[in-house]
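Biologist: I would like to learn how to read a model like this one. Please take me through it feature by feature.

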Amino acid sequence: MKISRVLSAVVLAGALSVTVCAQSLGDAARQARAEKPPTPQTKVYTNDNLPTTGSISVLGTAPVPSTASSTDAKPAKAAAGAAAEKSQAQAKQDAAEKTKADAEAQKAEISRLERELDIATREWKLRQAAYYADAGNQLRDPTSWAAEERKYNDETAQKKQALDAARQKLEDLQEQGRKLGMNSAATE
């Protein structure tokens, strides 16, 4: 009886400490969102910052016509710098899209090579089973079987080398994507 009381007291104390220390998932998400630094490049609309009055324009506001003069050289340089940054960002985005497309094509190539290797292996196993099932085949022409076996081994080695090269190329493309700032899900 004393053991059950002590045991129940220990279990109750453990349960209380777990509930005191445990943080709800919602609280943890709010805390993580508050600690996360804001991203300056993109504007994310949520229910918290979505305007409730008026309409949302996808095109933005109309540009204000300006009169350019020789004294406005600083804004012109700033605009040129902004245009250069924009073109550089567009070039980076184009490179990222090309890398993603190349990675997808390389994945398809790897899939094709794996399939070819698998089919060749299965066909070879069937041929082996047919050859070794009949003792007469082994006695009649062992040299042609040896030649076929060498040919199969050479073709298999070539396919494995091509598959390894394709996998290495995919890894290089994924590394290039990481250097461009793409997430791993986009290239994998």
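Biologist: Which residue forms a salt bridge with Glu-175?

Modeller: General idea first. Side chains of opposite charge can pair when their charged atoms come close. The rule here asks for a side-chain nitrogen of Lys or Arg within 4 Å of a carboxyl oxygen of Asp or Glu. Glu-175 pairs with Arg-178, with the closest N and O atoms 3.3 Å apart. The two are 3 residues apart in helix 5, so about one helical turn separates them. Helices here are DSSP runs of H or I with at least four residues, strands are runs of E with at least two, and numbering starts at the N terminus.

Biologist: Before we go on, what kind of model is this, and how are residues numbered?

Modeller: It is a predicted model: local features need pLDDT of at least 70, side-chain atom pairs count only at pLDDT 80 or more, and totals for chains, interfaces and linings use all residues. Residues are numbered from 1 along each chain as its sequence is written, and side-chain values use heavy atoms, with hydrogens and water left out.

Biologist: Are Glu-175 and Arg-178 buried, partly exposed or exposed?

Modeller: Read the relative accessible area, taken with a 1.4 Å probe and protein chains only: under 20% is buried, over 50% is exposed, and in between is partly exposed. Glu-175 has 35%, so it is partly exposed. Arg-178 has 39% and is also partly exposed.

Biologist: How many salt bridges does the rule give?

Modeller: The count comes to 10. One of them joins Asp-102 and Lys-98, at 3.0 Å from N to O. These residues are 4 apart in helix 3, so again they sit about one helical turn from each other. Asp-102 is partly exposed at 29%, while Lys-98 is exposed at 54%.

Biologist: Where does a salt bridge link distant parts of the chain?

Modeller: Look at Arg-167 and Glu-114, whose closest N and O atoms are 2.5 Å apart.

Biologist: Which residues are linked in a network of salt bridges?

Modeller: Glu-109, Arg-112 and Glu-116.

Biologist: Now the nonpolar side. Which residues make up the largest nonpolar core?

Modeller: In soluble globular proteins, nonpolar side chains tend to be buried together. A core here means buried Ala, Val, Leu, Ile, Met, Phe, Trp, Tyr and Cys residues joined through side-chain atoms within 4.5 Å. The largest has 7 residues: Ala-103, Ile-110, Leu-113, Leu-117, Leu-163, Ala-166 and Leu-170. Helix 3 (73-133) and helix 5 (142-179) each give two or more. Helix 3 gives the most, with 4.

Biologist: Is Gly-177 buried or exposed?

Modeller: Gly-177 has 0% relative accessibility, so it counts as buried. This glycine is found in helix 5.

Biologist: What does the chain come to in secondary structure?

Modeller: It has 6 helices and 0 strands. Buried residues make up 12% of the 188 residues. Now take contacts (heavy atoms within 4.5 Å). Among those between residues at least 6 apart in sequence, 65% join residues at least 24 apart.
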